[in-house]
Amino acid sequence: MDRPTRDPAAYDPSVPFWPIAAGVLLWFGAPWLTIGAWLHPWLPGGWLGVVALLLLVPVPVWTMVRGLRGVRAPSKAARLFIMRPFWYAALIVPVLACVTLAGGAIGWALGAAGAGGRLGLGIGALALTTMLIAGYFGAQRLVVRPLEAHLPRLPPAFDGLRIVQISDLHVGPHTSTRFLARVVDAVTAVRGDLVVVTGDQVDDYPSDAQLFARAFAPLQDAPLGVYAIAGNHDIFGGWPTVHRTLADAGFRVLVNDAVSIVRDGARLWLAGTGDPAAMHWPRADARAAAPNIDATLARVAAGEPVIALAHNPALWPLLAARGVDLTLSGHTHYGQFAVPRRNWSLASPFLALAMGIHRRGRALLYINPGTNHWGIPFRLGTPPEVTVVTLRGAANGEARIAPGTTRDAAA
C-alpha cells in the first residue's frame, strides 16, 4: 500500500479549512436533513443518528485540505476509502433529497406523505445505483477519436501532421495503472508526430506528478516530443513541484509560451497558456501559471499558423481574437454524463463552451472530454478519449474540423 508523502517545501497554510468545511456542510447538510426527515425512524438513534452521520463530513475535508497545504498527501487507502465515498456522496445525496421531496409531495396529495417520500427515496436509490454501475463500466472504456482539422493558413509542409491529444488524466496512487498502460498503448499505436497533454496531469497533490511521469515516460518516443500545460488541478496540487517534476522527466511544459516547429522551411507554432484557476487559488506560488495571452503569443510572427493548448476552453475567445488557428482544450469532462446526439452534457447548463467542436471565422476549438475520470469512476455517454488530430490545408479557405469514425482502443 502506498504510504502518504510529505512535501515540506510545498507547505502553505493559506488553504482554508473552515470556509471549505462550511461550504461542504451546507452542500450536504440541507439535502441530508431532508432525507433524514423521512428516514430517521429507521436509523439507530433517530435524529441523533442523522446528525452524527452529517458530522462525519469534516473528516474527508480535513484529509483534502491537509494534502493541499502540503502537510501530507493522502495515501492510496485514504483516497479509495475516504475521498471516493465522499465524492460519491456529494453526487448522490442532493439527488436523493430531490426525489424524496418529490415522492413526499405526491404522497401528501394522496394523504400518505411519509410513505410517498420513502418510496421516492427507494426508487431514487435504485435508479442511482443502476446508473453508477453503468457509469463505472463506461469509465473503463477507452476510445480513439480521429479528427481532421482543415486550416486555411496551414503550410503544405505540415499537411498530414498528426497531433495526439490526451487530457485530464488526474493521476494519483488510486488511479488504475492498468488503465494508464492502456492509454499509453493507444497513443503509441497511433504513431502521431507529437503528443500534447492539455492539463490536469495530476489529481490534487504534487507527489502525483511522479506517478504521471513514470506512467507516461514511453510517450517520449514521439518524433516531435511530448508537451504539457497547466490545468486547474495541477495548480491546486502545487504547480511549482508539478512543473519541475514534469520538466525533469522530459516533458516540454508550455506555460504562456510557444515553440516553433519547422519543416521544409515552413513554420508552425505550438503555444501553451496558463490556467485561470491560478488567478484565484490562495497559494502565491500559483501566480506564475495564470494565463497571459500576450506572453503566450509573443514569439509568434504575424501571419504564421498557431496551434494553442488551453486547458480551460473559456480562454478560446481570447485566442481566437488573436488569430490562433486551432485550440485544443479539456477541463469540462462533458460533466462525465453526455447525450452526444443532442450535443448536450451535464456541463452544458453551466458552460458556454462545454463540449465538442466550435468555430469562429477561421478559428477552431476542440474540447477533449478527458482521457480518465475525476472524483469517481463514472462516465455515461462520454467515454475516456484519445484524440488524434490530423492537420490538413483548407482548399476552399474554410476552417473546419471533420470527425472520423471513433473506435474502441484495444483492451
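This is a predicted model: local features need pLDDT of at least 70, side-chain atom pairs count only at pLDDT 80 or more; totals for chains, interfaces and linings use all residues.
Visitor: What angle do the two axes make, and how close do they come?

Guide: The axes of helix 1 and helix 5 cross at roughly 125° and come within 9 Å, and helix 1 and helix 5 are therefore oblique to each other.

Visitor: Which residues make that contact?

Guide: From helix 1 there are Ile35, Trp38 and Leu39, and these meet Ala113, Gly114, Gly117, Arg118 and Leu121 of helix 5. Sorted by class, the contact of helix 1 with helix 5 has five nonpolar, two polar and one charged residues.

Visitor: OK, and helix 1 against helix 4, at what angle do they cross?

Guide: The axes of helix 1 and helix 4 cross at roughly 40° and come within 8 Å. That makes helix 1 oblique to helix 4, and the crossing of this pair is left-handed.

Visitor: Who touches whom there?

Guide: On the helix 1 side the residues are Val24, Trp27, Phe28, Pro31, Trp32, Thr34, Ile35 and Trp38, while the helix 4 side brings Phe86, Ala89, Ala90, Val93, Pro94, Leu96, Ala97, Thr100, Leu101 and Gly104. In the contact of helix 1 with helix 4, 15 residues are nonpolar and three are polar, with no charged ones.

Visitor: That leaves helix 4 with helix 5; is that crossing left-handed or right-handed?

Guide: Helix 4 and helix 5 make a right-handed crossing, and they pack at an angle of about 145° with their axes 7 Å apart.

Visitor: What does each helix put into the contact?

Guide: Helix 4 contributes Tyr88, Leu91, Ile92, Val95, Leu96, Val99, Thr100, Gly103, Gly104, Gly107 and Trp108, and helix 5 answers with Ala113, Gly116, Gly117, Gly120, Leu121, Gly124, Ala125, Leu128 and Leu132. By class, the contact of helix 4 with helix 5 has twelve nonpolar, eight polar and no charged residues.

Visitor: Changing topic, what is the volume of the largest pocket?

Guide: The largest pocket has a volume of about 1400 Å³. Its lining counts 37 residues, and those nearest the pocket centre are Trp87, Ala90, Gly335, Trp374 and Gly375.

Visitor: Which helices supply that lining?

Guide: At least two lining residues come from each of helix 1 (18-39), helix 3 (58-68), helix 4 (76-109), helix 5 (113-140) and helix 8 (232-236). Helix 4 gives the most to the lining of the largest pocket, with seven residues.

Visitor: And how does the pocket lining split by class?

Guide: The lining of the largest pocket is made up of 26 nonpolar, nine polar and two charged residues.

Visitor: How many cavities of 30 Å³ or more does the structure hold?

Guide: The structure holds two cavities of 30 Å³ or more; the largest cavity has a volume of about 130 Å³, and the second largest cavity has about 60 Å³ of space.

Visitor: What lines the largest cavity?

Guide: The residues around the largest cavity are Met64, Arg79, Met83, Arg84, Trp87, His174, Asp203, Asp204, Tyr205, Trp374 and Gly375. Helix 4 provides the largest share of that lining, four residues, and by class the lining of the largest cavity has five nonpolar, two polar and four charged residues.

Visitor: Then what lines the second largest cavity?

Guide: The second largest cavity is lined by Arg84, His170, His174, Thr175, Asp203, Asn372, His373, Trp374 and Gly375. Its lining divides into one nonpolar, six polar and two charged residues.

Methods
Residues are numbered from 1 along each chain as its sequence is written. Side-chain values use heavy atoms; hydrogens and water are left out. On a 1 Å grid over the protein atoms alone, a cavity is a set of points where a 1.4 Å probe fits but cannot get out, and a pocket is an open set with protein on both sides within 12 Å along at least five of seven lines; lining residues have an atom within 4 Å of a point. Grid points are joined across faces, edges and corners, and a volume is the space filled by probe spheres set on the points. Ala, Val, Leu, Ile, Met, Phe, Trp, Tyr, Cys and Pro count as nonpolar, Asp, Glu, Lys and Arg as charged, and the others, Gly among them, as polar. Axes are lines fitted to C-alpha atoms, for helices over the stretch in contact, and angles run from 0 to 180 degrees between N-to-C directions. Angles under 35 degrees count as roughly parallel, over 145 as roughly antiparallel, 65 to 115 as roughly perpendicular and the rest as oblique. Contact means heavy atoms within 4.5 Å. A crossing is left-handed if the near helix is turned anticlockwise from the far one by less than a right angle, and right-handed if clockwise.
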